[in-house]
Amino acid sequence: MKNQFSLKHIFGFKRKNRPDKVNRTSSLPNDQILKEKLLSGGAGDFFESMPEGILLVDTKLRVIAVNKKIEKWLGYSKDSVVGKKITEFDFLDNESRKVIDNSHKKRLQGSAIEPYEITIKTARGDDFSGLVGASVITDDDKKPLGEIVTLSNLGEQKAIQYEQEQYVSDLKILSETAIGLAEFPNTDEIYTYISEQLQKLIGDTIVFINIFDSEKRVFRLKNIAGIKDRFKTGVKILGQNPYETEYPASEKSIRNLFQKNLFPITKGVFEIGAGKIPRPVARTIEKVFKITSVYGIGFTWQDKLFGNAIVLLRNNNKLREDIIETFIHQTSVALRRSQAEQALEKARDELEDRVKVRTADLQQTTQDLEKFKLAVDNASDHIIISDENGVIIYINQPAAMAAGYSRQELIGKTPFSWVHQMHNKYYQKIWHKIKVEKKPFVGEITRRRANNEVYIAEVHIAPVVSNGKILFFVQIERDVTRAKEIDQAKSEFVSLTSHQLRTPLTTINWYAGLILGESIGKINEKQRKYLSEIKEANQRMIKLVSALLNVSRIELGTFIVEPEKIDLQKVSQSVLAEVKKSIDDKKLKIIENYKPEIGKVNADPNLIRIVFQNLLTNAIKYTPEKGTITISVDRVKAKDSDQEGYLIKCADTGYGIPKDQQSKIFTKLFRADNVRDKSIEGTGLGLYIIKSILEHSKGKIWFESEMNKGTTFYVFLPREGMVKKAGTKKLD
Amino acid sequence: MGKKILIADDEKSIREPLKDSLEAVGFEIIEADNGQETLDVALKEHPDLILLDVMMPRLSGEEIIKKLAEDKWGKDAKLLLLTNVSDPEKMSEITGTKGSNITLFDYLVKSDWEITDVVEKVKEKLGVD
């Protein structure tokens with residue numbers, strides 16, 4: 001360090017190697033002796049190499065020798081100085097000369113003089129500021145021979161000092177920045193801070209801070225320092241917020257920023273403008289803002305560019321690369337951290353929001369579930385949920401109460417653990433339906449309560465299937481014992497009274513028949529007419545009683561299905577023969593169409609007869625005179641399936657069934673309005689009976705109808721015919 | 001002609017038109033209005049045919065058949081059931097009575113039959129024109 005080369009050191013050094021006492025062995029004049037002693041050999045080299053300017057003077061301040069520094073600093077040649085007295089130098093002002101002279105005299109008198117400052121006008125015309133120190137050289141008798149005068153370059157020292165101060169200041173800014181960045185809130189304010197710090201560090205400059213969006217390949221302006229206010233005003237006039245403005249990042253600039261943390265942008269504002277600012281405009285900007293050089297600074301982290309700073313230096317300001325690079329490094333880390341924390345915070349906020357939403361959802365779901373549970377717990381129906389193996393996982397209170405056990409006792413058991421009697425085949429049928437076919441089962445089972453009381457439950461068991469896998473079974477039951485008893489009583493009542501009704505009806509029928517047969521005497525025409533009315537009304541009553549009996553048999557489940565091989569054609573023809581009179585009365589045309597290949601069908605002749613009777617009597621009743629009835633039997637595939645079987649078709653050209661009443665046509669005791677209006681007699685039981693018969697024997701019935709055009713009924717019997725069913729009563 | 005028919009029915013209004021119609025075609029008619037009387041009259045009079053109501057007081061049609069089957073004459077009796085109960089199981093129970101030669105021609109639901117058709121059926125079963 002230059003500071004170490006103080007005058008003290010020089011003299012100390014000199015004292016060591018070159019004693020001030022000069023041996024006065026010759027008669028040479030003083031200056032010659034000084035020259036010889038001080039400038040000969042290696043000492044001369046040292047003299048030249050000294051960082052100070054050195055003048056060798058005699059006791060009269062006459063210059064004996066100077067080193068090259070003096071020449072360099074002051075601009076005057078050796079020759080123009082040597083031989084002259086310092087006090088005669090015209091480049092020294094009077095005051096300086098006086099000071100030099102006084103201090104010289106004092107030193108010769110033995111006083112110690114502190115070095116002093118003087119200002120010298122150099123040959124170049126500027127002022128040289130120097131520090132002058134001197135040391136007296138004596139001979140062996142301590143008689144002064146002359147002096148060594150040193151001139152230190154104070155300007156240079158000041159520059160060094162300034163540099164040092166600047167360095168300390170920079171370090172201060174850097175460490176301040178490091179602390180500031182570390183403690184900075186994770187917001188966009190960090191960009192302002194960075195640009196401000198950068199400005200402090202560089203001095204007179206304009207700084208743009210951008211972040212790099214690697215997905216969109218754009219830079220996004222985050223902050224401007226240096227011309228902020230002016231720029232802002234300018235942008236305000238344009239009505240635009242300068243921040244968040246995006247501008248495309250060229251691959252070249254990305255590469256530059258990424259590869260070199262700091263690099264000069266040689267074409268200045270024009271280059272920053274990326275072609276958008278014309279060259280003359282760029283030049284004008286540079287002039288107006290006194291921009292003298294432009295640098296790009298890339299903020300990189302782990303092989304990724306995530307931002308940059310554009311630094312525009314003004315007034316020939318210089319950039320100190322080492323400091324800036326340290327700054328870049330610091331800032332990159334902080335920026336990266338800030339961005340990461342911002343992202344983290346954002347993610348955390350989002351997560352929080354999601355948690356809030358989820359929590360609200362969950363709360364809603366929980367509330368819904370609670371409501372649902374309350375509803376199910378308190379439903380009047382018996383509700384049982386069992387797992388895929390049929391083990392009860394839930395049972396509501398009414399179900400447990402009906403069984404006579406506590407809910408806890410029943411959980412873990414199967415819903416079949418309190419059946420009264422169940423045929424193994426029935427049990428297997430239920431399981432097959434719900435577990436293998438995965439379809440709901442609907443039926444009745446007889447159950448026994450804990451107190452041995454037996455009750456009948458109407459049961460619906462539905463498998464809950466997801467992706468073909470059974471999750472659980474939902475079983476809904478209702479105790480139908482009482483309803484069944486009432487039904488039974490009702491049907492028994494109908495059955496009994498029907499039998500009792502038949503006897504007086506027979507009496508009326510037979511007596512009227514006897515009188516009409518005139519076996520007990522002649523009757524007149526009026527008597528015949530009236531008696532016939534009585535007989536006919538009685539016949540209707542007989543039919544109604546028979547129909548009611550059939551309904552009660554159907555509802556009691558006591559009717560028999562006894563299939564045997566029968567010829568559908570023959571049944572049809574036989575029924576047609578039965579109703580021939582009414583066909584003739586209405587002059588109806590009958591078309592018969594039996595496919596010869598149908599062969600014999602396995603069916604209950606009695607039931608098939610009822611089917612044909614009902615179809616044909618309905619067609620006759622509800623077709624006006626001279627209409628046509630077509631009856632046909634064919635082998636076909638069933639409606640909506642591939643099932644093969646027999647199709648009986650009975651089409652008429654009658655009144656038709658009103659659209660709005662078609663859905664009720666198979667309902668017990670239902671009669672359509674249009675035929676009631678026409679006063680056509682009917683019980684409203686015929687179709688109900690046929691449908692019941694067919695449903696009990698795997699057949700189907702449906703129809704098509706158009707008002708005043710006619711109706712076609714279709715009866716389908718599966719190929720295997722009717723299924724045998726045990727019972728006690730035949731249908732009449 | 002001259003065949004003897006026992007009309008067994010607790011309803012006079014059923015017996016009377018039957019009696020009148022059957023007499024008109026030349027049958028000899030005897031009557032009974034309850035189960036016990038039916039059995040007594042049948043065992044005494046040995047009719048060629050019994051028109052038997054199934055539901056009668058004191059003895060049911062079923063019991064009458066059982067009793068007849070135990071009798072020397074009665075086990076060969078000929079019967080035509082007249083009923084208003086269409087209960088095939090019960091009928092097959094009745095007709096299936098073992099150890100007798102009793103002939104059960106048919107069972108007719110009274111309300112479904114015209115009186116003239118009943119007469120025709122009787123004539124047919126007894127082989128009378």
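In this predicted model, Gly133(A) has Thr150(A) in E5(A) as its bridge partner. Strands here are DSSP runs of E with at least two residues, helices are runs of H or I with at least four, and both are numbered from the N terminus; two strands count as paired if DSSP finds at least two bridges between them. Between E4(A) and E5(A) the hairpin has 5 residues, and Lys142(A) takes a positive phi near 65° there.

On to the pairing of E3(A) with E4(A), which is antiparallel too, over 6 bridges. Lys121(A) stands opposite Asp127(A) in E4(A). This hairpin also puts 5 residues between its strands, and Gly125(A) has a positive phi near 105°. Zooming out, the open sheet has 5 strands in the order E2-E1-E5-E4-E3 (chain A), with antiparallel pairing. Its edges are strand E2 (63–66) and strand E3 (116–121) of chain A, each pairing on one side only. From one strand to the next, the twist averages 30°.

Now for a pair of helices. Helix H19 (residues 568–578) and helix H21 (residues 605–621) of chain A pack at about 50°, with axes 9 Å apart. Axes are lines fitted to C-alpha atoms, for helices over the stretch in contact, and angles run from 0 to 180 degrees between N-to-C directions. H19(A) and H21(A) are therefore oblique to each other (under 35 degrees is roughly parallel, over 145 roughly antiparallel, 65 to 115 roughly perpendicular, and the rest oblique). From H19(A), residues including Leu568(A), Val571(A) and Val575(A) meet a set in H21(A) that includes Ile608(A), Phe612(A) and Leu616(A); contact means C-beta atoms, placed from the backbone, within 7 Å. By class, the H19(A)–H21(A) contact has 8 nonpolar, 2 polar and 1 charged residues (nonpolar: Ala, Val, Leu, Ile, Met, Phe, Trp, Tyr, Cys and Pro; charged: Asp, Glu, Lys and Arg; polar: the others, Gly among them).

As for confidence, chain A averages a pLDDT (the predictor's confidence in each residue, from 0 to 100) of 82, and 90% of the residues score at least 70. Over residues 1–26 of chain A the pLDDT is below 50, and this stretch has 29 contacts in the model beyond near neighbours in sequence.

Residues are numbered from 1 along each chain as its sequence is written, while chains are lettered from A and ligands numbered from 1 in the order in which they are written. Because the model is predicted, local features need pLDDT of at least 70 and side-chain atom pairs count only at pLDDT 80 or more, whereas totals for chains, interfaces and linings use all residues.

Terms used: Contact = placed C-beta atoms within 7 Å.
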